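Keep the structure open as you read.

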Amino acid sequence: MAGKYNICLDIGGTKILGAIFNEKKEIVYRLKKKTKEAGDDADNVEKMIISVVEDMINESDIKKKDIKAIAAGAPGVIDQGAGIILTSPNLPWTNYDIKSSIEKKFDIPFYIGNDVNVGVLGEWKYGVAKGYNNVVGFFVGTGMGGGLILDGKMFTGNKYKAAEYGHMILDPEGPLCGCGQRGCLEAFSSKKGMSAYIMQQTSRGRKNMLAETIENGVFKSKNLKKALAAKDTVTIEAVDRACHYLAIATGNMINTISPDIVVYGGGVMEAVGDIFMEKILAEVDRYCMPSIRSTVELKKAALGDDSNIYGALAMIEDL
Ligand SMILES: [Zn+2]
C-alpha cells in the first residue's frame, strides 16, 4: 500500500523548513532547523537532511511506511529529473547525487529541484498563479531568483540553468554583484543589493535604522518592515531603488515572454510585499509595450514562506 503522507523540505543556506502533508494536502506537522549546525562537507549536509526527516518522522508519530515520498527545493543548478545537484552557491555540493543517497537511506522516493523553480511551481500549482499557462516568478530574498512556467510546463533550459534573470544586467556601470558582474537586478533589488546601498549611505554619514541590523551583508526582512513603518529615509530610498529596477526587469520579461502573470515571492515580499507591489505597479508601464502589458497580471505570491514547501509537494503529486 502506498503511503498517504508526503515530507516536503525547503533547504536554504541557513535553514531547512520541513512540512508533512496528509492526503488532503494539509500540513499536519512542521519543523525548522538551522543548516549551520551541519558543518561544511557534503556528507554533513546530507546527514542534516536525514536528521530533519528522522526528527519529523519521530516527532509527528507518522510511521515510515505511511510516507509516500520526500521532496525538496534547494539552491543551485539541479538536474531535477535525475536528482543530482550540479552546483550550489551556498551549499558545498558539486555533481552530488543526493537522490540516490536519500533513497538508499530511507527506501522512500526522493525528488529535488532548484528552490526558486520549486517556489514558482508551488505558486503555479497551489498559489496565486494556479490555472495560468505562462508564469514569470521573481523571488526577492538574500539574492534574486527567477522561475519560469512556459506553455504549462516548468522551463529549465539547457542543462537546467535557465531563468537566472536576477542577473539580468540593468546598468553595466552599476554596483558589483555577487556573480562578478555589475548592475544586475540582484545588485539593486535583493536584500544584498539593498543592504549594500544602505551601507554606502551609512559610510557617507547618513544615519538610518537598518545599518546596525546588517549581518554578513544582509538585513532581516522583519527589520526592513520596521524601518519602512518608521519612514526611515535611507531605507525608503533603498526600497524605491529596488522597486525601480524590479519594474524595469519586469518590463523586460513582459516584452520577452508575454506571460499571463508575473508573481513576486520570497522573504522580502512576504514581509513588505504590498509596498513593493504598489511601487512596481506605479512604474512598470513605462518599461513594456502597452499591448503586451494589457494581458498580464502582476501579483504577490499567495503562499508566503510556504511556496517552496508546496512546490516540493507539487513535484511529488503533479509532475
Ligand atoms: Zn549578478
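**From the zinc site to the cores**

Four residues coordinate the zinc ion: H167 through ND1, and C177, C179 and C184 through their SG atoms, at 2.0 to 2.4 Å. Bear in mind that you are looking at a predicted model. Along the chain, the donors of the zinc ion are spaced as H-x9-C-x1-C-x4-C. Why is the arrangement around the zinc ion tetrahedral? The four donor atoms subtend angles of 103 to 122°, and the arrangement counts as tetrahedral because all angles lie between 85 and 135 degrees.

C177 has a relative accessible area of 7%, so it is buried, the cut-off being under 20%. C179, at 43% relative accessibility, counts as partly exposed.

Now turn to the interior. In soluble globular proteins, nonpolar side chains tend to be buried together. Here the largest nonpolar core has 47 residues, and those with the most contacts inside it are F138, L246, Y264, F276 and L298. Elements giving two or more residues to this core include the strands β9 (135-140), β10 (144-150) and β12 (261-265), along with helices such as α4 (185-189) and α8 (267-283). Which element gives the most to this core? That is α7, with twelve residues.

For a close-up, pick F138. Leaving aside neighbours within four places in sequence, F138 is in contact with residues including M144, Y165, L185, L246, M253 and Y264. Apart from this core lies another, of 32 residues, with V45, I62, A72 and I85 among them.

Definitions and conventions:
Residues are numbered from 1 along each chain as its sequence is written. This is a predicted model: local features need pLDDT of at least 70, side-chain atom pairs count only at pLDDT 80 or more; totals for chains, interfaces and linings use all residues. Side-chain values use heavy atoms; hydrogens and water are left out. Donors are N, O and S atoms within 2.8 Å of the metal (3.2 Å for Na, K and Ca); water is not among the atoms, so sites may look incomplete. Four donors count as tetrahedral if all angles lie between 85 and 135 degrees; four count as square planar and six as octahedral if opposite donors are over 155 degrees apart and all others between 65 and 115; anything else is irregular. Buried means under 20% relative accessible area, exposed over 50%, partly exposed in between (1.4 Å probe, protein chains only). A nonpolar core is a set of buried Ala, Val, Leu, Ile, Met, Phe, Trp, Tyr and Cys residues joined through side-chain atoms within 4.5 Å. Helices (H or I, at least four residues) and strands (E, at least two) are DSSP runs, numbered from the N terminus. Contact means heavy atoms within 4.5 Å.
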